[in-house]
Amino acid sequence: MLEGVIWLLILKLRDALANEAVEIRKSFLAYEASALQDLFGEIRKMKEELESMQAFFRTAERFKDADETTVAFVKQIRGLAFNIEDVIDEFTYKLGEDREAMFLLKAIRRVRQIKTWYRLANSLRDIKANLKRAAERRRRYDLKGVERDAKLTRVGSLNRRSAESVHFKREDDLVGIAETRNLLMKWMKDEEQQHMIITVWGMGGVGKTTLAAHVYNAIKTDFDTCAWITVSHSYEADDLLKQIVEEFRKNDRKKEFPKDVDVTDYRSLVETIRRYLENKRYVLVLDDVWSVNVWFDSKDAFSACKLGRIIFTSRIYEVALLASEAQMINLQPLQNHYAWDLFCKEAFWKNENSDCPPELHDWAHKFVEKCNGLPIAIVCIGRLLSFKSATFLEWENVYKTLEMQFTNNFILDMNIILKVSLEDLPHNMKNCFLYCCMFPENHVMQRKWLVRLWVAEGFIEESEHKTLEEVAEDYLTELINRCLLVEVKRNETGYVDDFQMHDILRVLALSKAREENFCIVLDYSRTHLIGQARRLSIQRGDIAHLAESVPHLRSLLVFQNSLSFGSLRSFSRSVKLMSVLNLQDSSIECLPNEVFDLFNLRYLGLRRTKIATISRLIGRLQNLLVFDAWKSKITNLPAEITRLCKLTHLIVTVKPLIPCLQYVPSIGVPAPVGGMCSLASLQTLLLVESSSEMVNYLGALVLLRSFRISKVQGRHCEKLFVAITNMVHLTRLGIQANDDEEVLQLDALNPPPLLQKIFLLGTLAKESLPRFFLSISKLKCLSILRLVWSKLQEDMFCYLEELQQLVKLQLYDAFDGNNMYFRATSFRKLRVLKIWGAPHLSQMTIERGAMPSLVDLKLLLCPELKLLPGGIEHVSTLEELTLNSTAEELVNRVRQKKEENISHVQRVYVGFVRNGELAAERIQ
């Protein structure tokens, strides 16, 4: 992790140097210019020093667990790195102070700050000297690798022993993998398919090696030869092929492997393997593979032989793709009953039938629940408990230790899982992964929200052709593909929207984060645990008592609803250098003015808070990137917000709490007075009200990716649509008319080419529909369309059918016709169709071949619909059907299961109205 800290620090130093010319030019006196030049010079030297040391830090991090000298050195360097960060952040903060003062006050303050610039420069010189002294001490007392080699040998031996032990498990010891084992056995014995590559992938500790080893041992005698290779993390192609040669030679049943053959170079190794395997049936297992290059470096040796089985086990999705989709096994955590069986086998192996004593039953279930089905965690905890007294108090103590992140006295296997996974991550992704442990246990994280936090924290490395958010999404995908984060939900277009961190990985990550002073998670008042942590997650309790003890904090994430105005005020007074403040879901109703003195703030999160007004002082937050007040109470923005030139995401929406069966859209806020031309860096703008002035300024926001506007009137349309046409990066567009009578004239709208999602609320001018639907039918990326209050008639519906690229179609109070007809060629990719509020709809017909990909069909508030859609039986892909407030006779027939044409649908829901809202119950 030191490598990640240093990398982040280098980025901060680079950003500080980017202001050098501007700040020196603004100097009032020669003395100030001289002081600033001195400070910038020290910043530049420090950046060069850290850049030259960065490669060493990467190696030092790997060896620190095997070398006490390196452990001490890494700890010292981390502390010095934080000292450097303090200097740079104070410098940035002081510059922010100057921007907000009157001219005379600013002049006086800058003269006073000459001493500050010299003090900061001297601090950097002292830190640099300490860096050199630390490096000299390490060289002086280094044991030249003797102790390190010995410890690495012991750790390597433990790793090998752990991996090899799975070969000796009895079939009775294997729990919950019978179905997967049988499938793998079937593939291995399939004589019709001669050559096959199979991949078994999943998160660390899920049982990949155990499954592969069991099948390998069961079938290896059916083949002419076999080989099991646990692939080294830093393998060499020649060494890998030599291991394969030795294994094939050792396991050669017919003793045909040549004895005196030169196998010293890559070419001879490949040729030897190819000649030997000719016309032979073989099985090769490459276990714990971290890179696809393992296959590409060795495939030439196997390309001529068509009678083999090659199995890869990996926690990397990219490696899994080496096999065809039909031969991929994604191993998941155990189901609850299997997890219980495995736990009992490990914890109560001394008992007859491994039965759990009744008095420990509740605690046992708590331990199993904590493991979330991860076999390695279940085995480790079970073994630990098997050597404890089988008493209520003893088990309670173990559980409390577990709750307090127990890794100091835990089984080695668990730490190895995270250590190996973390070491393989690029340094910028390590920070992103550890950041996820700041969220509460079992918390479902949302993609867009987390990505913006990562960017605000500075974790994301710039890319020439992508925004920082796009790079961050690539990081997130990589963490999921490495099984370090668990996918919870994908949206209709295939993107992962929601995800979690496995509880056991979270416990280990928390331990690592605390060790590295990366972050701390606090429940109640254990302030002594904070130490020098740079980030704080408060999940229960108040923050008032923390104010004086955490001046070094850079980020605060609050996950509770009892935050008070006074506690936030005292906290903001003390923690001046904060860059991330997230108050999502807290009960606070007003921000204290002290928050607007946090000049380094880059992220201000107010989602779902009760805050109703924002002070004009927000203009002081010149470094702010994200202002997120989604579903807050804010109804107006001060004009000063237009001074935030670095702002990339401005999100302010209000959701009216109106008990209503009809669709109720979110409400936006009036655009700030004075226009938004200065906010040219905006990528997200949700949700502003339209006005004649606003649409005139909108053309300056050409970098927008996501844009939604409300209260659009007909007279705004032409200028608005011209501005939207120029937003060439736009992927999400929402246009809400002033009311349901306002007609949207779509003639002037030439949709930007990258649009993925369109939301239109308002009556659509009938004469403009053919041209509009034709233009959006050419959008290759368009996947989601939501129409509200559109007043579509039957003759207009055919235009929608031209949108063959749609994955999700939502019609909310949008269809006024009686009949809805889906032709055989319509909506080839559509997976979700939702019709909410079609008062006259009495008949739906689906021709055979229409909507061949449909998974989810919802028909809500269609009171005249007395029959299921004709032809619904042809939609074989349909998994879920919801009927809510349709005709009573249709609901009764479905409840009584008299509709045989939906017998293939897995889930059928029938809705009803409860407390003025739609609800549903599952009946199939």
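**Exercise 1. How many bridges join E7 to strand E8, and in which sense do the two strands run?**

Solution. Begin with the source: this is a predicted model, in which local features need pLDDT of at least 70, side-chain atom pairs count only at pLDDT 80 or more, and totals for chains, interfaces and linings use all residues. Residues are numbered from 1 along each chain as its sequence is written, and side-chain values use heavy atoms, with hydrogens and water left out.

Step 1. Strands (E, at least two residues) and helices (H or I, at least four) are DSSP runs, numbered from the N terminus. Two strands pair if DSSP finds at least two bridges between them.

Step 2. E7 and strand E8 (residues 496-500) are joined by 4 bridges and run antiparallel. Within E8, Phe 499 is the bridge partner of Glu 487.

Step 3. These strands belong to an open sheet of 3 strands with the order E6-E8-E7 and antiparallel pairing. Its edge strands, each pairing on one side only, are strand E6 (445-446) and strand E7 (486-490).

**Exercise 2. Which element gives the largest share of the lining of the largest cavity?**

Solution. Step 1. On a 1 Å grid over the protein atoms alone, a cavity is a set of points where a 1.4 Å probe fits but cannot get out, and lining residues have an atom within 4 Å of a point. A volume is the space filled by probe spheres set on the points, which are joined across faces, edges and corners.

Step 1. The structure holds 2 cavities of 30 Å³ or more, and the largest has a volume of about 150 Å³. Of its 13 lining residues, Val 5, Leu 8, Phe 82, Glu 85 and Arg 535 are the closest to the centre.

Step 2. Helix H1 (2-17) and helix H4 (68-99) are the elements that give two or more residues to this lining. The largest share, 4 residues, comes from H1.

**Exercise 3. Where do Leu 687 and Lys 791 lie?**

Solution. Step 1. Leu 687 is found in strand E17 (residues 684-689). A cis peptide bond, with omega about -5°, joins Leu 686 and Leu 687.

Step 1. Lys 791 lies in the loop between strand E23 (784-788) and helix H26 (794-800). The phi of Lys 791 is near 60°, a positive value in a residue other than glycine.

How values were computed:
On a 1 Å grid over the protein atoms alone, a cavity is a set of points where a 1.4 Å probe fits but cannot get out, and a pocket is an open set with protein on both sides within 12 Å along at least five of seven lines; lining residues have an atom within 4 Å of a point.
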